[in-house]
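Please open the structure in your viewer and keep the selection tool at hand. The stops below say what to select and what can be found there.

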Amino acid sequence: PKQPFMGTFNGSGFTIDGLTINRPEENHIGLFGYSISALYRDIYLENASIQGLNYVGGIVGHALSSYEPLLLLNIHFYGEITGDTVSCGGIAGHITSGKGAIFSDNSSNADVDCYNFTGGMIGQFSGSKLQLINSTFAGTVSAQMQVGGVLGAFSGIEIYADNISSSGEVLTKNESQSFEIGGLFGGIHNIDDFELSNSHSSMNISRAIDATVYEGLEGSKIGGLIGALGALSIPEQSNISGCYAEGDITIEGEADQVGGMVGFAAASYSYVNKSFATGNISVAAGSTFIGGVFGFYQSGLGSLTNVYSTGNVLAEGASYVGGLIGQFNGELNGGYSAGLVEGGDSTGGLIGSGSSTVTNSFWDIETSGQETSAGGAGLTTEEMQNQYIYESAGWDFETIWKMEPGSYPVLQ
């Protein structure tokens, strides 16, 4: 577009039905292709089909704001988004905002297909602070690198996300290695502060092998919630609280840094509390750093508390494999894992490897098939389902945990 949209668009709750845009050779494609300091609110798009080259979004292809926060409020998109190379999202392809953006009370029910920087709601964000609040995605995201059910790629200063969710599938392509893939967020970089609370994903993530197209490491930094948090630069602080992942992760080849919640996480101060994963993980022999909650976790200060995993970690012939964490350099207090764990070198029922402090944490030696771990205490299934064991370790069953007879603890 020669002239960007600059102003306020209030859809007033009316529905735009059947919007079709077919411009596969053009950039900046959407209901609004390109905007500067715009405000979008109360918009409903149904049965939409939008195709472009790069910067493709249901509402806006590329939104910029330099002097005030960008606002996208109460927006609902139902349809298909198709791009070629970069920055495609169900609502916004790329947001660039030096003053940040507020993305609140939005939903996207879409099939989004692109290559890099692709999300069910936002393809890419560049700028200062992104606030994601009360928003949900349902559908399929098909792409290759930095792919998320909500946001594909972030490069900025701060993320605050509360009550966001995703469901459906992430399907990675076979044209090269897939990396930084997550049920909510793909890759998060160059960030100082990250906060995620009261959020979840049931996205299933998968990649099938086609050796006629690509041979090599199939996937790297893949997680049920987040693919990579701080892989290029270590954040000062990250907080994850009240979150969970239910989807399965299936990589039909070698993979690196795969976790039921987070594939790779590093921060100077990292806190994870009241969070869990229940999905199954399956990777091929030769894979590394595979865990039921975290594949690779490193924090100078901070801790993991009240976390657990019940899914199976199927990584026969892989290295650094754990029922809860594959490679762990940090502090854990009050966690457990209960699924089957298969691996090769440095495989543990709770933790595969690392330099860590682990207290009041357990794994089931019967269901896991593992007698050892780089931290924690192994218990029988009967012991794991005995509330007295946990109470003796200081677990709080008044405000944090609950337990039914013949079952494992769950969070309240």
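**A tour of the predicted model**

Begin inside the protein, where a search of the whole structure finds one cavity of 30 Å³ or more. This is a predicted model, in which local features need pLDDT of at least 70 and side-chain atom pairs count only at pLDDT 80 or more, while totals for chains, interfaces and linings use all residues. Residues are numbered from 1 along each chain as its sequence is written, and side-chain values use heavy atoms, with hydrogens and water left out.

A cavity here is a set of points, on a 1 Å grid over the protein atoms alone, where a 1.4 Å probe fits but cannot get out, and its lining residues have an atom within 4 Å of a point. The volume is the space filled by probe spheres set on the points, which are joined across faces, edges and corners, and for the largest cavity this space is about 30 Å³.

Select Leu229, Ser238, Ile240, Val262, Ala265, Ser270, Val272, Phe294 and Tyr297 to see the lining of the largest cavity. Two or more residues of this lining are given by each of strand 26 (237-241), strand 30 (262-277) and strand 33, where strands are DSSP runs (E, at least two residues) numbered from the N terminus. Strand 30 provides the largest share, with four residues. By class, the lining has seven nonpolar, two polar and no charged residues, with Ala, Val, Leu, Ile, Met, Phe, Trp, Tyr, Cys and Pro counted as nonpolar, Asp, Glu, Lys and Arg as charged, and the others, Gly among them, as polar.

Stay with strand 33 and select glycine 302, which has its place there. Glycine 302 is buried, with a relative accessible area of 19%; buried means under 20%, exposed over 50%, and partly exposed in between (1.4 Å probe, protein chains only).

Together with Tyr269 and Tyr271, Leu301 makes a nonpolar surface patch of about 270 Å². Such a patch consists of residues with over 30% relative accessible area and no salt bridge, with nonpolar side chains (Val, Leu, Ile, Met, Phe, Trp, Tyr) joined within 5 Å and like charges within 9 Å. Accessible areas come from the Shrake-Rupley method with a 1.4 Å probe, and for residues only the protein chains shown count as cover.

**Charged pairs**

How many salt bridges does a search of the whole structure find? There are two, a salt bridge being a side-chain nitrogen of Lys or Arg within 4 Å of a carboxyl oxygen of Asp or Glu. Select lysine 129 and glutamate 158, whose closest N and O atoms are 3.7 Å apart. Lysine 129 lies in strand 15 (residues 129-143) and glutamate 158 in strand 18 (residues 158-172), so this pair ties together parts that are 29 residues apart in sequence. For the other pair, select arginine 41 and aspartate 42, with 3.4 Å between the closest N and O atoms. Arginine 41 is partly exposed at 31% relative accessibility, whereas aspartate 42 is buried at 17%.

**Backbone angles**

Finish with asparagine 74 in strand 8 (residues 70-82), which has a positive phi of about 55° although it is not a glycine.

Definitions and conventions. On a 1 Å grid over the protein atoms alone, a cavity is a set of points where a 1.4 Å probe fits but cannot get out, and a pocket is an open set with protein on both sides within 12 Å along at least five of seven lines; lining residues have an atom within 4 Å of a point.
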